[in-house]
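Here is a quick walk through the model, one region at a time. Have the viewer open and follow along.

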Amino acid sequence: MSSPNKASSWSALADRWLPKLVLSPSLAASLLFVYGFIAWTAWLSLTESRLLPDMTLSGLVQYRELFDNDRWWTAVANLGIFGGLFIFCALAVGLLLAVLLDQKIRAEGALRTIYLYPMALSFIVTGTAWKWMLNPDLGLQKLVNDWGFPNFTFDWLVDPDKAIYTVAIAGVWQSSGFVMALFLAGLRGIDDSIIKAAQVDGASLPVIYWRIIIPSLRPVFFSVLLILSHIAIKSFDLVMALTGGGPGTSSDVPAIFMYQFAFTRGQLGLGAASAMMMLMTIVAVLVPLMYMETRSAKRG
Amino acid sequence: MAALSINNVCKTYTGGTEVLKGINIAIEDGQFLILVGPSGCGKSTLLNMIAGLDDISSGDILIGGERVNDLSPKDRDIAMVFQSYALYPSMSVRQNISFGLEIRKLPKAEIDATVERVATMLQITHLLDRKPSQLSGGQRQRVAMGRALARNPSIFLFDEPLSNLDAKLRVEMRTEIKLMHQRLKSTIVYVTHDQIEAMTLGDRIAVMKDGVVQQFGSPQDIYDNPANLFVASFIGSPSMNFIPATIVESGGKLGVNICDDRGCVVLPLPHERDKLAAWVGKEVIFGIRPEQITDARTAHREGLPEMSCHIDVIEPTGPDTLVFVSLNKTKVCCRTHPTEAKRPGESMELVFDVSKAVLFDPASEKRIA
Amino acid sequence: MAKHLSVGRIVLYAALVLMAAYYLLPLYVMLSTSVKTLDDIRAGNLISLPHAITLDAWSKAWSSACTGVQCEGMKGFFWNSVKMAVPSVLLSTLIGAINGYVVSMWRFKGSDALFTMVLVGCFIPFQVVLLPMATLLGQLGIANTTTGLVVVHVVYGLAFTTLFFRNFYVTIPDELVKAARIDGAGFWTIFFRILMPISGPIFMVCVIWQFTQIWNDFLFGVVFAAGESQPITVALNNLVNTSTGVKEYNVDMAAAIIAALPTLFVYMVAGRYFVRGLTAGAVKG
């Protein structure tokens, strides 16, 4: 009687501890590489580190320096312009496409595949392609000129005041199909009987969409906003490939600022401070959004 | 030696919610135990604890006299049938049945023989090479039972196994489970929320509510002698009538005063006088089952108290017609012969068989007599 | 469904086709430019068809274009990306599968909190971990190596892969695991014999998602890899932005398509799973 009991308490013990044991490496990784590293960066941002890390705390010098830096404020303003345009346009185009595709379209599958394929591309590829297309010598400008509008100019890519808008154009091209996919999934998830009930009540199609369907997509709006603002704040590759932050520093965004100061200019402290600012921005945007989303989800 | 005894078992979740508050149940080898109660009463938690799938906060569970608290499910010599059947989706029926035997490293020949035997018994031989997704609900149910049977455990655990089946199939499977129990003389613990399943299947029933066993006994005992208002209302369909009534003394005998909108009668009570002495003049809850208020033809017994009542609604069920009247301003259901029932709005002579009537304390809801 | 083509339907289709053209235009431009000669490019415009199709730009992009100081084309970097992506994808998916299995099927006190803790990794801007990571990789001696990049991608991919598998496994009734435990199966037997055989779709979703993410990554590549070990995205960016000599747009485009081919291929053959991954990743948290 004793040996099976011993064996069984072994297996009972194994079932009790194995799950925790198996999970622990990932937890340790998360603790170190996410939480530990954030703390490390936070610490670094409070030091006077330049080329080499110097771990003596010296208060908010780096933040002061950051806020006195014109280039940083250019980057922040650019993020505002790019983020606002990118989010608004991607949302509008994506929603429009989803509604149009929801009208029992013949080649829906093929169209969806076309709208969504840019999402499979790297931002670097997108940037390269658009850089060529927006090229003022041989790109869209020349195309329109050849079409019989010889005075048309489109040189935003090299115009310091307009370069950031080209980033938004390419960004919307890449991400709007994705927004479409999310909205389409939301539209397909709506209970058919609600729409039937509205039809029986005599509502027209636009009214049904505007008053019933789109409001019920509220959770999708939240996730789309969440993802788009996340992409916008982190955007780095697209700007690097399209404008490289230029002309000059005119299309800098915080991610480029951080990269340049931390890795090419050897200003670790300033780089860390700008990274912390990015983290705080994400927290400031995501936390209220997620809070609202869970609250509205709880209310049903 | 008891096949299963549950001694003072409690379950407290982190956060302090007490799901089970001191459960004591023991059954003999070969008995069919039903755990019945409304959802949230703790019956499934108790079953999971017997299976070893849930930890025991305090108390002991003994299977065949051996304390199993710390044994893992596979070492408790049990098998379980789940509500969702929980068939392994990627395995064929044959693999589903043999999986547990393979894990226990039984010889291949023995496994094959067992699968064959079980499949023949449950008439699923033709399904052995199918995947669960290709089976109907009833067939899945059979495979789930087959998987349990193949293991030949000392206790079978059933967790609401019939609730996903349609009404007709449920009745068929109920009979088959009972037949299987009679043939194999196996020990079974069966959780259900359906009191008809409880009554038809069980040797012993534990009626549970709020983590407490309200009553533990044989089906007939629980039906005839409910321990409290909850048990009385939970077991039996249509449910027992509960009429608020005052105990009166008339002609040296105790009775309850029952009125409808046109008049009153005193129904004599058969209970011992001293049990009720303290309640004279006070209000109690008079419990009487629908079949105990009926027409003269069905009652076929002389000398029972009668009352002419105004009919509100009738519900023909086929074998009986349920007649609803209003007594002491309470809706009361009476079971009458279809040909004797009058129409709504008419009056009908109803016969009261008070021999099995019960009385409850309106405050504590406990049984008085 | 439409019984006849009304004006409204015609407008609808016209709008949809126009949008399709908008999305396809850059792809067409890339392809046509990559097979033109430079003279052809200068003579025509973006959408003009090539006069003669030539693959010179492609072969140059593949084997001799300059990406910074060396001029060996994209091929070395293409294989760098393969060597980086394959192990990262496999490792992060496998670990994510096991993590998801634990947090959905073997929940213990505090496991939900731990899962949320891991999930935070999906949301942080990676800029905030770049500096410490660079230091750590340097100390481990794997800075500027493909191994280093694999470590980085596995570590920061875990949050997503765990989420994918957790969200898949919570849809599977836990009675399945209970039944298997009663049948005598332990932790690993249940995972490999009961859950793995039905996890095919989610493996596809996860592998495709991770592959796209890792292949397309630029930030980690540009920060943690240098010279020989750079992934293809970094090489492409260098190639395009190398400002020596004549700008060869056809080579740029050919290189861009080479960099995009693996993920485009995956999208074409398994688009269904790709979309599912996107939507699943979207409802994160």
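## A helix under cover

Keep in mind that this is a predicted model. Start with α8 of chain C: the cover over its buried residues includes α4 (75–105) and α9 of chain C, together with α1 and β6 (78–81) of chain B. The buried set consists of Leu176(C), Val177(C), Lys178(C), Ala179(C), Ala180(C), Arg181(C) and Ile182(C).

After α8(C) comes Gly184(C), with a positive phi near 105 degrees.

## Where chain C meets chain B

The contact between these two chains draws 15 residues from chain C and 18 residues from chain B. On the side of chain C, the elements giving two or more residues are α8 (175–182) and α9 (187–195). Of these, α8(C) gives the most, with six residues. Sorted by class, the chain C side has eight nonpolar, two polar and five charged residues.

## The sheet in chain B

Chain B has an open sheet of four strands, ordered β2-β1-β4-β5, with antiparallel pairing.

Look at the β1–β2 pair in chain B: strand β1 (residues 4–12) runs antiparallel to β2(B), and seven bridges join them. Within this pair, Ser5(B) sits opposite Ala26(B) of β2(B). Helix α1 (residues 43–51) of chain B packs on the sheet and touches β1, β2 and β4 (58–63) of chain B. The direction of α1(B) makes about 60 degrees with that of β2(B).

## Domains in chains B and C

Chain B splits into domain 1 (4–234) and domain 2 (241–360). Their C-alpha centres are 40 Å apart. The contact between them involves five residues of domain 1 of chain B and six residues of domain 2 of chain B. On the domain 1 side, that comes to three nonpolar, one polar and one charged residues.

For chain C, the assignment gives domain 1 (7–54) and domain 2 (75–282), with 33 Å between the C-alpha centres. Here seven residues from domain 1 of chain C meet seven residues from domain 2 of chain C. On the domain 1 side, α1 (7–34) and α2 (38–43) of chain C are the elements that give two or more residues. The top contributor on that side is α1(C), with four residues. By class, the domain 1 side of chain C divides into four nonpolar, two polar and one charged.

## Chain A overall

What does the secondary structure of chain A come to? It has 13 helices and zero strands. Chain A is more spread out than a compact globule, because its radius of gyration is 25 Å, well over the 19 Å that the globule rule gives for 300 residues. Along the principal axes, the C-alpha atoms of chain A fill a box of roughly 95 × 65 × 35 Å.

Of the 300 residues in chain A, 41% are buried. Take the contacts in chain A between residues at least 6 apart in sequence: 69% of them join residues at least 24 apart.

Key
Residues numbered from 1 in each chain as written. Chains lettered and ligands numbered in written order. Predicted model: local features only at pLDDT ≥ 70, side-chain atom pairs only at ≥ 80, totals over all residues. Nonpolar A, V, L, I, M, F, W, Y, C, P; charged D, E, K, R; others polar. Domains from an automatic or database assignment. Pairing = 2+ DSSP bridges. Axes fitted to C-alpha atoms, helices over the stretch in contact; angles between N-to-C directions. Buried ≥ 20, exposed ≤ 12 C-beta atoms within 10 Å, placed from the backbone. Rg over C-alpha atoms; globule rule 2.2 N^0.38 Å.
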